[in-house]
Amino acid sequence: MEAWRIVSYSFKKPRRLTGINWMYLSDNKKEIGLFLMIGVLLMLIPGMNAWGPDSGVFAVSSFQVSLWGKYLTYAVLAMSLNLLWGYTGLLCLCQSLFFALGGYMMGMHLMLMIGERGAYQNVLPDFMVFLGYTELPTHWVPFYSFWFSSVAVLCVPGLVALVFGFLAFRSRIKGVYFSILTQALTYAACLLFFRNDFTFGGNNGFTDFKDVLGLDLNLASTQRILFILSVLLLLLAYVITSGLLATKFGKIQQAIRDSENRVSFSGYSTTSFKLIIFTLSAMIAGAAGALYVPQVGIINPSEMTPAKSLDVVVWVAVGGRGTKWGPVIGAIVVNLLKSFATRAYPDSWFIILGMLFVIVVLFLPDGIVGLYHKIRSKFPQKASLKAITA
Amino acid sequence: MDPALVAFLMRIISRTFNTKLLTGILLIQCALCHFVVGQVESANWHSVFHGLILADGDEETFVKDLEVFGDPGISDLYEAWRTGDVYSFEQDREKIALRQMSSSSWIKISTGEAIELSSSDLESMSKLRASRGVRRMMKSLIDTLGLKAEDPIVRQESAMKLGLSQNSEFLPALRSRLEIETNKNVQTSIHEALAISLLANGSPEEILQSVETLGDLKSVPGRDFVQKLYDTEIESDRSESALSQASINTISKIEAYIGRVEFIGNFFRGLSLGSVLLIVSFGLAITFGLMGIINMAHGEFVAIGGYTTYLVQTWFISIWGIDSYAFGWYFVISLPISFAVAAVIGLGLEKSVIRFLYRRPLESLLCTWGLSMIMQQGFRLIFGAANVQVNNPAWLLGNLSVGGFNMSYTRLFIMAIAVVVVILTWLLLRKTNLGLHIRAVMQNRDMASSLGIPVNKVNSMTFALGCGLAAVGGSVLSQIGNVGPSMGQAYIVDCFMVVVIGSVGNLLGAGISAMGIGSIDQFLQPSLGPVMGKITVFFLIIIFLQWRPGGLFPTRSRSLED
């Protein structure tokens with residue numbers, strides 16, 4: 001009953017809040033406008049790709065569509081971390097694990113869809129033939145179904161988070177200890193997936209996908225559909241997180257961030273709240289991973305190393321943690337910077353990224369969004385919404 | 001300073017140190033190994049052999065004389081003689097034998113000296129070959145040559161080889177050696193060899209006795225032979241015979257012994273892995289526990305230690321050369337240098353970055369992760385992405401054998417360093433002013449500050465100390481692992497686990513948990529493999545934390561941490 005009471009909080013709006021509350025999305029008209037505007041702007045990319053010019057400034061190549069699609073899934077990943085770190089105060093270092101798990105679940109389906117078109121012309125995925133399997137391992141069989149895979153994309157990361165979170169929160173592991181343990185979890189999982197006999201392709205992971213639901217993944221139109229799905233997922237993640245924040249549940253969530261002891265002294269079971277948030281965040285990350293894999297075309301254990309998780313943390317930190325759009329901005333800005341720097345200064349990219357960490361932590365605790373607010377408070381008349389989306 | 005003088009001083013230091021090390025590790029047996037026992041002076045086997053080569057009819061006496069020598073040169077020379085590299089030559093009306101080393105270099109067999117020959121000399125030479133009779137006499141001499149070698153380990157190996165061949169020809173040689181052998185280890189090996197050989201060649205009583213001897217000696221190589229014997233007994237339906245009973249007995253004895261040795265081996269490896277974890281995680285426990293700083297760059301300080309060791313090594317090679325005596329000591333010198341280098345860099349970082357992060361552990365985690373990336377890339381740019389080569393000094397090579405189990409000197413030395421690090425850290429924290437201040441700041445920063453303790457200075461020193469310890473760990477790691485840009489990353493997760501399990505800020509806890517995690521890891525590895533072993537350890541840690549959320553020694557406090 002306790003659990004149900006807590007879940008019911010997420011449908012109750014706190015009494016204080018007034019004004020427009022469409023789907024609890026926001027208490028701010030401007031923000032709904034911004035939300036729709038970003039959606040439309042992002043939809044422009046596949047539109048330009050489909051009907052735009054072939055060359056010139058407005059040309060959008062298929063490569064760019066899938067590149068930006070990838071950034072969008074990263075943005076969703078950053079949002080899921082922000083839900084934990086920015087709003088609940090749990091610095092989770094296994095977010096990339098959930099992302100990769102979602103990716104692996106989708107990857108399993110895609111691998112099975114290759115069928116006999118693989119290098120060995122076998123019904124089994126190539127790596128299994130290579131490793132000497134004669135029949136499909138039992139746990140792979142249900143992944144022939146797309147819908148089962150889609151459910152697994154959400155449930156497997158969610159289940160991992162639920163079990164781990166239950167053990168961790170129950171023994172009151174918090175703060176830095178939580179971070180360290182989640183880092184160790186990622187590390188352990190990463191070691192496990194690197195093994196060949198774990199039936200997930202070992203070092204090489206899954207690649208060489210052909211199609212999904214009968215759509216050829218190499219076609220530009222399929223990439224456009226995936227891009228649009230990524231935009232929709234981003235908007236959905238936004239609706240979920242900010243909708244949650246506007247409810248009583250969200251208030252408690254933020255109260256846990258600010259002073260967990262006071263919340264628990266007030267009679268709330270902080271463990272259950274944290275567990276629900278943790279699981280939800282893992283599911284969002286898993287969904288992002290599932291969209292990432294068909295757009296990038298490969299998933300392997302290097303996606304779930306502790307370093308990748310810390311990358312996600314830096315996106316959120318750069319964008320501004322505890323802000324609604326900060327993680328999205330951070331994920332896109334840092335990845336744009338990365339794709340620029342790894343080409344222009346391949347040797348110094350890690351130094352640049354490291355400096356970003358240090359500078360953001362020391363001088364920009366609220367990231368780009370915080371910087372924008374700081375500047376706007378100095379020059380109130382020059383404020384404009386464009387600065388956020390830039 | 002004069003290099004010669006330095007080398008001399010080092011020799012003295014090394015001598016005293018070496019004795020201390022050996023006695024310290026309590027291995028008198030080892031000292032015995034270095035003691036050359038019961039050797040007839042090996043000075044003149046050359047002349048005896050020379051006599052043999054030129055002998056005419058009295059070869060037998062020369063072969064007998066030659067039997068007392070155990071120099072490996074004998075078999076080498078015999079091989080040359082057999083294959084036709086030995087010539088006779090008349091010099092000053094005396095017949096001498098020469099050995100051709102290459103087309104134009106010759107040595108006198110009687111002395112081993114080189115000799116210059118003119119072209120006319122070459123014509124007067126005639127090839128000598130061992131006759132069939134001599135070859136027959138020499139065969140067993142050459143085969144049992146190793147029994148008389150100067151090095152007791154060679155004697156042991158040779159005895160075992162003769163025994164395992166189960167050739168009855170070698171029995172007399174083994175028996176006669178046993179009578180004059182004084183080294184205990186070699187005696188045991190000869191007993192073992194004799195017993196194994198007798199299993200095939202002895203009378204029924206001797207076989208029975210040998211089986212029992214093998215059981216008493218816990219002979220691992222003998223196990224298969226006894227097993228074979230037992231199998232034939234069973235096949236011929238004599239499972240009740242005294243021999244088969246004795247065989248079962250012996251096999252179970254030996255197997256129990258193998259189990260024990262494996263256990264000790266795992267235990268030893270666990271302790272040495274634990275020692276590395278201990279040194280590295282002590283630094284982490286200090287910065288993490290005492291200061292509340294999560295130093296993700298700790299692994300890079302480990303790498304600084306490794307690279308400093310590498311640089312010291314390069315420096316030693318450039319000054320003294322790789323074969324010099326002094327080179328062997330570069331590792332000992334590099335330990336304090338690594339500490340100092342890392343401590344200075346750590347001090348710089350503390351002053352510039354870390355001091356803004358006290359009481360913000362999550363931010364410190366991110367910031368130091370950034371530093372760790374910068375440092376890693378820095379290593380790649382300076383030293384290259386590949387691992388650098390760090391050699392073991394000669395005195396750390398080799399094994400110490402105790403009861404059939406080999407412990408490498410490197411790992412023993414690492415354990416010794418871990419003990420030293422523990423003692424020094426304990427002394428520093430408990431017996432010095434700085435330690436007092438560190439503990440005071442750790443307990444209550446504001447109160448310590450208001451009592452006049454220079455908190456900022458203490459922070460800097462503590463951070464430098466933690467970094468220095470990490471570098472000592474790295475220096476040690478360079479002897480058993482690779483030195484590369486990401487060498488620290490492999491240990492950092494384990495070390496965080498050590499600190500969490502051992503209760504943050506508790507050095508005793510860190511010590512116990514390092515040893516515990518190291519041992520469990522090593523005990524699980526043989527059955528589960530390294531990866532599954534690590535994963536199992538991780539889940540054990542999670543389960544342990546369910547039982548004791550605060551670690552081994554949680555700080556008892558009435559205040560509420562938030």
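Visitor: Which helix gives the most to the lining of the largest cavity?

Guide: In this predicted model, helix 22 of chain B gives the most, with 7 residues of that lining.

Visitor: What makes the space it lines a cavity?

Guide: A space is called a cavity because a 1.4 Å probe fits there but cannot get out, and by this rule the count comes to 4 cavities of 30 Å³ or more. About 150 Å³ of space lies in the largest cavity; of the 16 residues that line the largest cavity, the closest to its centre are Y187(A), D494(B), K534(B), V537(B) and F538(B).

Visitor: Which elements each supply at least two residues of that lining?

Guide: From chain A there is helix 7 (175-194), and from chain B there are helix 13 (242-291), helix 21 (489-501) and helix 22 (507-547).

Visitor: What is the lining of the largest cavity by class?

Guide: The lining of the largest cavity has 13 nonpolar, no polar and 3 charged residues. Asp and Lys count as charged, whereas Tyr, Val and Phe count as nonpolar.

Visitor: Which residues line the second largest cavity?

Guide: About 70 Å³ of space lies in the second largest cavity, and its lining includes W85(A), R321(A) and P365(A) from chain A along with R360(B), E363(B) and L366(B) from chain B. Two or more residues of this lining come from helix 14 (349-363) of chain A, and likewise from helix 16 (361-383) of chain B.

Visitor: How does the lining of the second largest cavity divide by class?

Guide: The residues of that lining divide into 7 nonpolar, no polar and 3 charged; R321(A), R360(B) and E363(B) belong to the charged class, because Arg and Glu count as charged.

Note on methods: Residues are numbered from 1 along each chain as its sequence is written. Chains are lettered from A and ligands numbered from 1 in the order in which they are written. This is a predicted model: local features need pLDDT of at least 70, side-chain atom pairs count only at pLDDT 80 or more; totals for chains, interfaces and linings use all residues. Side-chain values use heavy atoms; hydrogens and water are left out. On a 1 Å grid over the protein atoms alone, a cavity is a set of points where a 1.4 Å probe fits but cannot get out, and a pocket is an open set with protein on both sides within 12 Å along at least five of seven lines; lining residues have an atom within 4 Å of a point. Grid points are joined across faces, edges and corners, and a volume is the space filled by probe spheres set on the points. Helices (H or I, at least four residues) and strands (E, at least two) are DSSP runs, numbered from the N terminus.
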